[in-house]
Amino acid sequence: MTNPVQALSKSVTVNDSPFMKPMEWLSLLVLAGFVLVVLPVFLDGFRLNLVGKYLTYAFVALGLVICWGYAGILSLGQGVFFGLGGYCMAMYLKLEASSVENTKIQSTPGIPDFMDWNQITALPWFWQPFKSLPLTLILVVAVPVLFALVISAAMFKRRVGGTYFAIITQAIAAILTILIVGQQGYTGGINGITDLRTLNGWDIRTDSAKFALYFVNAGLLIACILAAQYVKRSKLGRILVAMRDKEDRVRFSGYSVAGFKIFAFCLAAAFAAIGGAMFTLQVGFMSPSFVGIVPSIEMVIYAAVGGRLSLFGAVWGTLLVNFAKTSFSESFPDLWLFGLGALFIAVVLAFPNGLAGIWREQIEPRLTRRVKALRPAPVAIPHGTPAE
Amino acid sequence: MFGEYSLGDLGAIFAMQGFAGLILFSVYVLMALGLAIIFGQMGVINMAHGEFMILGAYVTYLCSTFFQANLPALFPLYFFIAMALAFLASGALGMLVEWGLIRFLYKRPLDTLLATWGLSLILQQAYRTVFGAREVGVELPSWLIGSVQVTDTIEVPINGLFVMAVTILITVSVALLIYRSRFGQQIRAVMQNRAMAGAVGIDTERVDRYTFGLGCGIAGVAGSAFTMVGSTGPTSGQLYIVDTFLIVVFGGAASLLGTIASAFSISQTQSTLEFFLSGSMAKVLTLLAVVGILMLRPQGLFTLKVRR
């Protein structure tokens, strides 16, 4: 007779399972092959840059899979972190583009053009750190994560969660957008920070730079997928799932629920921030239209379409929705919003697990049956169920 | 920032801004009342609430053009008919949505958010297709135009007074409906304990449908009132949805009194600050204050003490 406690701890121990199952390695290989080989070979420079832009949204979707799918925290303010990361990068690039000789026609040379238009004569204090590239690279992640830490610590320590958290994050997205638009002299206002030229002397507007940045972006995305996979597979990931399903039981078992939630939220913010910075580099500007409520909720739908529990699904979902958006809104601009709206409803009502769910429930079993028919079935190892 | 104004001027500024705030307050209360019923009582996050409001606004606009063209004699009274029609149209659409969408999602509140957001996109595009992307305004009957001169420096617009009267009327009727009628008793019973309410013979599905319809119908009336103070466009509703949710949460969901108190404080703060700062900073400061208070006091201003 097995001791129930032993049985329980055995089923919780996950370190004996491999880092990724064979199927997951295959998924990674397929995704990497598609993004790193197929797309660059078949697409022209313009389209590849467009895909690079979509892939920056995939960072956000990836964070949402951890934060929403695994930890059960729905954030409607991911645009905030995407935007903060993007703005940090844009501020550095803008300062580099507004050197004294580039801006000598201004009444105050050496400051960004929109500040000069708004009668600001000195660089504000919060722009000062962005003169240095290493500091910028740190701040790109540090600023959004710190912001996420403050928000989530305040909320989760008081056990605010679920719908309330969603509404508050949404309000924060709205506040930040209004603030950026309103403080034109400091932030560039509704137009955002535009006319970015060089990164430490390297012109990012050329085709070769865009090509290189695409690969940097894709590489970072794959690194983030692996990091998320590490979190998902670790004991931490199991606690996140347990917390999502029965928060009180996890709390009564002695875990600090708030701490884990804060971690998941900050991790999602860090991913979103990297995506935002890469967006600025590839697209060449950053504006408040990527911060507000509408983009934030759209990014949730990318994760939902891909499957809120699937890391690879998040990337495929992002690519699919954005391809659909581009091709639809090019040919039938009126129909696109109907389509997007219907997509939201369909994903919630009919496919709550998204593309990954369809794959797992419909396609994978059939494939396995085919494969099994070809070779002798392996001996199944029975899993012990924990005693209730 | 008060230095350059005399005391009398300040009094007049506060009175005028306070009154402008009261009109904002009326629209907020009407929108938040519907949302408080849907979110507070049913737990459904209706992101399409703003679009239900705009439906009411468009119905009012249609009524105004119809009466102007066909029944000019009755034009002074069209607003009352428009309000009733707005209530019916938004309420009926609400019941349809509940039947077709919401009832499958009662156990997944976060998913209602995504589904109703999708619905709001569809409705926005539908309005754009039917009414065009341009904003439309309604023609006010002559008795609603003009203002009442209270003192030399303070004057009060009549349409604002009218909107406030409507708000008070609707708030009182909603309160009576929920706390004094048989149907209201059923609503409260279902929201407090669905299983028990079903066990004592209340048709909970029917109650859900009518409650959702009621909330949406009130949003329609809010839209009708909204036409008097602003113009209507396909995306006008979206501008109000965040504020409205914050009002409901700030007031303490499930408490009608809290909703009114929070709508009052938020609208007054915003409109008073608007005079001294730019409009965007006034809004930022108000919303920040609300979010800050909610972080310290997550249950909102008023709470309902019910064991769940």
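1. Residues 52-71 of chain B are 95% helix and 0% strand, with the end C-alpha atoms 27 Å apart. Helices here are DSSP runs of H or I with at least four residues, strands are runs of E with at least two, and both are numbered from the N terminus. This is a predicted model: local features need pLDDT of at least 70, side-chain atom pairs count only at pLDDT 80 or more, and totals for chains, interfaces and linings use all residues. Residues are numbered from 1 along each chain as its sequence is written, and chains are lettered from A and ligands numbered from 1 in the order in which they are written.

2. That stretch is one of those that an unreviewed UniProt entry lists as "transmembrane region" in chain B; 12-40 is also among them. UniProt positions follow the numbering used here, feature names are shortened, and annotations may be inferred rather than shown by experiment. Residues 12-40 of chain B are 100% helix and 0% strand, and their end C-alpha atoms lie 37 Å apart.

3. Next, a helix of chain B. α10(B) has 21 residues and reaches 31 Å from first C-alpha to last, close to the expected 30 Å. The expected span is 1.5 Å times one less than the number of residues. Its buried residues include B:Leu256, B:Gly258, B:Ile260 and B:Leu273. Buried means 20 or more other C-beta atoms within 10 Å of the residue's own, exposed means 12 or fewer, and partly exposed lies in between; C-beta atoms are placed from the backbone. The cover over the buried residues of α10(B) includes α1, α5, α9 and α11 of chain B.

4. α11(B), residues 279-296, has 18 residues and reaches 26 Å, close to the 26 Å expected. Among its buried residues are B:Ala282, B:Lys283 and B:Leu294. The buried residues of α11(B) pack against α7 of chain A, together with α9 and α10 of chain B.

5. Which element gives the most to the side of chain A that touches chain B? The contact takes 36 residues from chain A and 33 residues from chain B. Contact means C-beta atoms, placed from the backbone, within 7 Å. α7(A) gives the most to the chain A side, with 15 residues.

6. Chain A has 16 helices and two strands. Its radius of gyration is 23 Å, close to the 21 Å that the globule rule gives for 388 residues, so chain A is as compact as a globular protein of that length. The radius is taken over C-alpha atoms, and the rule is 2.2 Å times the number of residues to the power 0.38. Of the 388 residues of chain A, 41% count as buried.

Definitions and conventions. Two residues are in contact if their C-beta atoms, placed from the backbone, lie within 7 Å.
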